[in-house]
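These are my notebook entries on a single protein model. I set down what I looked up and what I found, entry by entry.

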Amino acid sequence: MLVTMQSLLAEAKKGRYAVGGFNCATLENIRAAVAAAEALDAPVILEYAEAHEQWIPLAEIGPIMLDYARRARVPVAVHLDHGTTYARFVEAIRLGFTSVMVDASALPFDENVARTQEIVKLAHSVGVTVEAELGHVFNSSIGAAKGAVADAEEEHEDLDAIYTDPALAKAFVEQTQVDCLAIAFGTVHGVYLSEPKLDLPRVARIRDAVGIPLVMHGGSGVKPEDYRTAIQNGICKINYYTYVNQDGGEAVRRHVENGGDRVFFDAVSAVATEAMQKHYEEAIALFRARD
């Protein structure tokens, strides 16, 4: 069933678990994510990022995401991830997306606030959830969104200057009235090239300051114990894409290598979907695990 992201995250906050936000650039992503959620009787968030435009336009895949959400046996929110243009927010909301993310964290604080306020006014007028971001999430040179500038922890002398500041987060939430906040505490978009050093106590300080659900971007590749600590400290939504996408690709590679003289695309699609569903199930179970 199609639901708002706010309703999913309110339950996650109360239950001290996280909901997976799974990016969908293909039909296989959608089918695998919904099947995994139904297999575990768990909610899920289907996401489309503007960077996916290189593979498929929002106008094409958005209605498919919404159709799968409406027919699902579990609660499903459909979310615009890393939105940057007013026109794209309007497009997603008109399609029926139940949440949008304002990606303005690279702007100065006041400009981020102003941009976010504008979208909150638009989205809240029609009952759509709004996520925003404060702080800087690193970008790996492998698997990061198109156009992202690769960087790493060692390239920054003062991590306090780029990680989310609890006091600024409190002011940001009060001024914008966003429903959830993506924060920076050491995670990386794309493939981790070295073990991440996460500032997990910072997550708890931000939770106490803002009082709303927190979001982890760059969620793939984190150690299980760090997921659990981050969730206990206030993370209610985990964006997860790169590693499951990589698993789908590796399954296809093995299928092609073992396929003999002929490889059929429908079989390739099924192989990728099966591999990604298995990975999604593992991720969902981990995000809902209790110590």
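**Entry 1: Overall make-up**

I began with burial and found that buried residues make up 52% of the 291 residues in the protein. I note at the outset that this is a predicted model. I then looked up the secondary structure, which comprises 10 helices and 10 strands.

Next I examined the contacts between residues at least 6 apart in sequence: 72% of these join residues at least 24 apart. For the accessible surface I recorded a total of about 12,900 Å². Carbon and sulfur atoms account for 51% of that surface.

**Entry 2: Helix 1**

I asked which residues of helix 1 (residues 5-15) are buried. They are Met-5, Leu-8, Leu-9 and Ala-12. These residues lie on the same side of helix 1, because they cover an arc of only 90° around the axis.

I also looked up Gln-6, which has its place in helix 1. Its relative accessibility is 45%, so Gln-6 counts as partly exposed. Leaving aside neighbours within four places in sequence, I found Gln-6 in contact with Thr-129 and Asp-179. Gln-6 and Val-128 stand 122 residues apart in sequence, yet their C-alpha atoms are 8.4 Å apart in space.

I turned to the backbone angles with a general point in mind: most residues other than glycine have a negative phi. Arg-16 belongs to the loop between helix 1 and strand 1. With 41% relative accessibility, Arg-16 is classed as partly exposed.

Gln-177 sits in the loop between helix 6 (166-176) and strand 7 (180-183). I noted a relative accessible area of 49% for Gln-177. Buried means under 20% and exposed over 50%, so Gln-177 is partly exposed.

**Entry 3: Val-19 in strand 1**

I next looked up Val-19, which is found in strand 1. Is Val-19 buried or exposed? Val-19 is buried, with a relative accessible area of 1%.

I then listed the contacts of Val-19, leaving aside neighbours within four places in sequence. Among them are Leu-8, Leu-9 and Ala-12, which are also buried residues of helix 1. Val-19 also touches Pro-43, Val-44 and Ile-45, as well as Cys-236, Lys-237 and Ile-238. I recorded a C-alpha separation of 8.3 Å between Val-19 and Ala-42, which are 23 residues apart along the chain.

**Entry 4: The cavity**

How many cavities of 30 Å³ or more does the structure hold? I found one. The largest cavity has a volume of about 30 Å³.

I listed its lining as Tyr-17, Ala-18, Val-19, Gly-20, Pro-43, Ile-284, Phe-287 and Arg-288. Strand 1 (19-23) and helix 10 (265-287) are the elements that give two or more residues to this lining.

**Entry 5: Val-34 in helix 2**

I looked up Val-34, whose place is in helix 2 (residues 27-40). With a relative accessible area of 5%, Val-34 is buried. Which residues does Val-34 contact, leaving aside neighbours within four places in sequence? They are Leu-46, Tyr-68 and Ala-72. I also recorded Arg-73, which is 39 residues from Val-34 in sequence and 8.9 Å away in space, C-alpha to C-alpha.

**Entry 6: Ala-51**

My last entry concerns Ala-51, located in the loop between strand 2 (44-49) and helix 3 (58-71). I found a relative accessible area of 22%. The limit for buried is under 20%, so Ala-51 counts as partly exposed. The C-alpha atoms of Ala-51 and His-82 are separated by 8.2 Å, while the two residues are 31 apart along the chain.

Definitions and conventions:
Residues numbered from 1 in each chain as written. Predicted model: local features only at pLDDT ≥ 70, side-chain atom pairs only at ≥ 80, totals over all residues. Heavy atoms only, no water. Helix = DSSP H or I, 4+ residues; strand = E, 2+ residues; numbered from the N terminus. Buried < 20%, exposed > 50% of the residue type's maximum accessible area, 1.4 Å probe, protein only. Contact = heavy atoms within 4.5 Å. Areas by Shrake-Rupley, 256 points an atom, 1.4 Å probe, with all protein chains shown as cover. 1 Å grid on protein atoms, 1.4 Å probe; cavity = no way out; pocket = protein on both sides within 12 Å on 5 of 7 lines; lining within 4 Å. Points joined across faces, edges and corners; volume = space filled by probe spheres on them. Arc of directions from axis to C-beta.
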